[in-house]
Amino acid sequence: MPFSHSVAGLRARLRRRADGTPSSAARIRRRSKQRRRLANIAGLLAALVLTGVGYSALAPANAADDAISTQSSAEQAGEELYTRSCISCHGSNLQGVSDRGPSLIGVGEASVYFQVHTGRMPLVRQEADAARKPAVFDNAEIEQLMAYIQANGGGPTLPSGDLREGDLAEGGELFRLNCASCHNFVGAGGALSSGKAAPSLGDANDLEIYAAMLSGPENMPVFGDNQLTPEQKRSIIDYVQTLKEQADPGGAGIGRTGPVSEGLVMWVVGIGALLFGIFWMGTKA
Amino acid sequence: MATAVAPGQPATKIGKAATEIDERLIVAGPLRRTLNKVFPDHWSFLLGEIALYSFVILLLSGTYLTFFFDASMAEVPYQGSYAPLRGVEMSQAYESTLALSFDVRGGLFIRQIHHWAALLFVASIVVHLLRIFFTGAFRKPRETNWGIGVVLLVLALLMGVTGYSMPDDLLSGTGLRIISAILLSIPVIGTWAHWAVFDGDYVGDAIIGRFYIVHVLIIPAIILALIAVHLLLLIKQKHTQFPGPGRTEHNVVGNRLFPAFAGKATALFFIVFGLCAALGGLVQINPIWLWGPYNPAQVSAGSQPDWYIGFLDGSTRLMPAWDINLPGNYTIPALFWPTVVVAGAMFTVLALYPQLERKLTGDTASHHLLQRPRDVPVRTSVGVMALTFYGVLWMSGGNDVIADKFDISLNAMTWVGRIGMVVLPPVAYMISYRICLGLQRHDREVLEHGIETGVIRRLPSGEFIEVHQPLGPVDEHGHGQLTYAGAPVPKKMNQVGGARRAVKGFFSPIEQPSQVELASQQERRGLAAAEADEPVGSGRPSEGGRPSEGGRPQDPRD
């Protein structure tokens, strides 16, 4: 439309130049000012288009995808899920909302997998500790969310292959060294300060443990591949899962929490049974 | 002195053999006297026996464990049958404990029996101590035995700590680190004490071996000797008894050592052994293979001591981290107060309690009759107060586990403990004091007005009254004449007549209740002359109030 305007204006200008009246000269001055303005806008537009095209030619592939909006179908579905369930705390551009949720740019698919697959996200309410609960999204939806987050900022990705391929005993040493101080000897979990807690690993699957080490959810530190190599991570997972599946040779495990539950059993079962026993003897003799 | 009257020549072979032995060793007299000792009968008098029997179980199971345990701190790579630790460097102590758990026949079972029996040993000592305390059994002349009991409790705790530390696993090593810190926190002598115990800096290579010899030889020997003195004093001073019909400060009513008491004691031994075996076989305790070998760089969440040290862990968690910095680069660490001072004060007060009470009450007489807790409200309330304090510390020792399992903030748990240990004991004192007074008054009321029968009668005037059953003769106002004599007062109609002995029969009665009544009446007539000047209370079978069982009460002779 502006282009057709300018063509019509040019024609009119040529016509009026022939008239040669002062009023027409003033009109021509005004028109040329308009023309300069129009030329500036056209130039700016051309420069912008050139920059955009040049950027898309030079920038990384995924950014190019984004710019020319060729999202994969998974990313689109993920964005839809995000807009429905996550946007209120993490913001319209994954930038986070202060006092509600952190930015998700760069957290990567590992973090998404851990948080969503363990049911921690979407959050029920803001509190010290997000507890594990049944997942809201199914596996296909989680993959879509992972694709969307991964597409917008990248970050740690999920591993593949056998996640228990490691040295069992070394895994045990690494677990006691790096993990037991919060998660307990056997991964039973433990309390942290102010209502926070290191969760039990009882329900965690291999991939969740791996993703947690990569992404460092909540109070957990990140164990990047420089801190624990992928082989060491697999060893740790092997140890944790082996311990979980291992029977208790001594009888009932009573939570494997050590002296607290043992003391409880002694006082409730042991002393209780004996008090009953001697009371019985006392009434019978 | 009861000299055995020669009953004539023995006819049987056993009798002849016994005579031969007696002619050489002269044991018949003392043996007869011992076997004829009368022990009073009450269920709560068996609590100390539980401790004794669990100690016997500890000796037996512990001896088996010493065959396989190697108290060495030399590092070896594990090559045993537990796969998740294979190849890990560990001390020989830990390695041998793993071996005796997995590669020795019955090893794990015996180890678990040993550990459960250890928990039971201390627990039964504590329950026994509570019974002694709340019934006033520690009063003159038994202060010495009370003191020995407190020493035995402390030794049992030391026994537990050394035994807990010996496997050298990650859990016990964490405890050992705390023991080391407690030693270091003692002003002036701390460093030297630590050096003396650990033979150098923490952890060194001597401590497991030292704990081992302390655990299997020194403390058990002292405990055995003290138990012997404890029991000899008990026999010498005679067991206390609850007040009841026919029971006085000068007699003991109960069963003879042989056969009745010996039978019960044997039965109880098997019950205790059975319980330990059941727990040892069915419930896993201290699975050291899950904890891993000790490594000072590692520590696990939820590391706890065994229950009997939990109160010290709790006091440490509740104590603010107040280091006292003295001039001259000298510090009294915050850890000193909740461990050395609190434990020292608690056990000192406990050991000196009989003397304290004697000073405060001015009661210097000898007492052989026990008191019902309600009749001594101050002592009972002080005891409940102390128990509440202990309970708050104890609970706080596991506050991280409680916080984790019940989704409570750990900080909130700490403050609950801090405020609770100050506020709750006085509250407990006041509540138990009121309960004691209420129970006392109810006893007096029943003695005065009789038992509420639940029968409502309407008088000609239209007034409704509840019929009360007097317990004895009444005066012209219908008020009972019986005075309270420290024995349980029947509060329900079906407790009336409970003073007679129980009907025989284990699962079902094997004699007619009417015959028992008749027999007990006859016995009472026979006794009447002997005890005419003694106050007569009443007794319930559930409280062991059976005056006539076990023969006549005897004057203390031996």
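## Interface between the chains

Across the interface of chain B and chain A, zero salt bridges are found, a salt bridge being a side-chain nitrogen of Lys or Arg within 4 Å of a carboxyl oxygen of Asp or Glu. This is a predicted model, in which local features need pLDDT of at least 70 and side-chain atom pairs count only at pLDDT 80 or more, while totals for chains, interfaces and linings use all residues. Side-chain values use heavy atoms, with hydrogens and water left out; residues are numbered from 1 along each chain as its sequence is written, and chains are lettered from A and ligands numbered from 1 in the order in which they are written.

The size of an interface is often given as the accessible area lost when the parts come together. Here about 5,100 Å² is buried between chain B and chain A, and carbon and sulfur atoms give 70% of that area. Buried area is the accessible area (1.4 Å probe) that two parts lose on being put together, summed over both. W43(B), Q284(B) and L290(B) supply 12% of the area that chain B buries against chain A, more than any other three residues. Chain B contributes 72 residues to the contact and chain A contributes 56 residues, where contact means heavy atoms within 4.5 Å.

## Architecture of chain A

Chain A contains twelve helices and two strands. Helices (H or I, at least four residues) and strands (E, at least two) are DSSP runs, numbered from the N terminus. The order along the sequence is α-α-α-α-α-α-α-α-α-β-β-α-α-α. Of the 285 residues in chain A, 38% are buried; buried means under 20% relative accessible area, exposed over 50%, and partly exposed in between (1.4 Å probe, protein chains only).

An unreviewed UniProt entry places "domain: Cytochrome c" at residues 73–153 and 166–244 of chain A; UniProt positions are given in the numbering used here, feature names are shortened, and annotations may be inferred rather than shown by experiment. Residues 73–153 of chain A are 49% helix and 0% strand, with end C-alpha atoms 18 Å apart. For residues 166–244 of chain A the values are 51% helix and 5% strand, with end C-alpha atoms 16 Å apart. The unreviewed UniProt entry also lists a "transmembrane region" at residues 264–282 of chain A, a span that is 100% helix and 0% strand, with 26 Å between its end C-alpha atoms.

## Salt bridges within the chains

Over all chains, the structure has 18 salt bridges. In chain A, R176(A) and E173(A) form one with an N to O distance of 2.6 Å. Both residues lie in helix 8 (residues 168–178) of chain A, three residues apart, about one turn of the helix. R176(A) is buried at 0% relative accessibility, whereas E173(A) is partly exposed at 24%.

In chain B, E20(B) and R24(B) are joined by a salt bridge of 3.1 Å, N to O. These residues are separated by about one helical turn because E20(B) and R24(B) are four residues apart in helix 1 (residues 13–25) of chain B. E20(B) is partly exposed at 41%, and R24(B) is exposed at 60%.

## Cysteines

The structure holds zero disulfides over all chains, a disulfide being a pair of cysteine sulfur atoms within 2.5 Å. For C86(A), the nearest cysteine sulfur belongs to C89(A), 8.9 Å away. C86(A) is buried, with a relative accessible area of 16%.
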